[in-house]
Amino acid sequence: MSKIICISREYGSGGHEIAKKTAQLLGISCLDKEILEHVLEKSDLPNDLIVKADEKRKNSFRYTAIYEGSNREYYGMAINDILYEMEKNVILEKAEEGDCIIVGRCAEEILKDTDHAVVSLFITAPLEFRLRRKMEEAGTQDRRKVEKEIKKMDKQRRAYYEYHTGKDWGIPYNYDVCLNSASMGINRIIDVMVDAFGSIWEVR
């Protein structure tokens, strides 16, 4: 049985940074884009289509069905749905390999009926905090452009999560723990997660 922390996050809240640094300090795997990379290595479908579909739900009114590749069970499916199934398989495989932190991709829902000890976190922060972080990261003063990107990414993540889980994205009762990276600070959240890793499942 593996101990797994699944992190969902608002865009710009620091969820990826928190996951990566926490995993490094704990000496365990952090799986984010690594999941997509694993799919790209094993899939014989067009890589450009796969990358564009990552963490996006299909558009019911406009999508391209796949009629190629060696796996016939995917024929006629939208690339978004195919990628979800492929990433789901990767998540299940990696969970079997040992303790890890998984970012996004509805991992807590995928793992809920397994024997693994799973805790789900949602990292949130006010828009202004996320704006400052992403503007600094991009080296830009174009507030309008960055705000547009934040809202677009949040919308995509919400649609993806709700499509695959049937639950409301970002609503506290759908997660075990919700943390505000603006009020707590990213480094403090990392410290709390590292300190609590061995005992966090005892409160469930």
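This is a predicted model: local features need pLDDT of at least 70, side-chain atom pairs count only at pLDDT 80 or more; totals for chains, interfaces and linings use all residues.

I sorted the lining of the largest cavity by class and got 4 nonpolar, 2 polar and 5 charged residues.

The lining is made of S8, R9, E55, G104, R105, C106, E108, R157, Y160, Y161 and W169. Going by class, I put R9, E55, R105, E108 and R157 under charged.

Which element gives the largest share of the lining? I found that it is α7, with 3 residues. Both β1 (3–9) and α7 (143–165) supply at least two lining residues each.

Then I checked the cavity itself. I get a volume of about 90 Å³ for the largest one. How many cavities of 30 Å³ or more does the structure hold? My count is 1.

On to the fold. I have 9 helices and 5 strands in the protein. Reading along the sequence, I wrote the pattern down as β-α-β-α-α-α-β-α-β-α-α-β-α-α.

I also looked at contacts between residues at least 6 apart in sequence: 69% of them join residues at least 24 apart.

Last entry, burial and surface. The protein has 204 residues, and 46% of them count as buried. I noted an accessible surface of about 11000 Å², with 47% of that belonging to carbon and sulfur atoms.

How values were computed. Residues are numbered from 1 along each chain as its sequence is written. Side-chain values use heavy atoms; hydrogens and water are left out. On a 1 Å grid over the protein atoms alone, a cavity is a set of points where a 1.4 Å probe fits but cannot get out, and a pocket is an open set with protein on both sides within 12 Å along at least five of seven lines; lining residues have an atom within 4 Å of a point. Grid points are joined across faces, edges and corners, and a volume is the space filled by probe spheres set on the points. Helices (H or I, at least four residues) and strands (E, at least two) are DSSP runs, numbered from the N terminus. Buried means under 20% relative accessible area, exposed over 50%, partly exposed in between (1.4 Å probe, protein chains only). Contact means heavy atoms within 4.5 Å. Accessible areas come from the Shrake-Rupley method with a 1.4 Å probe; for residues, only the protein chains shown count as cover.
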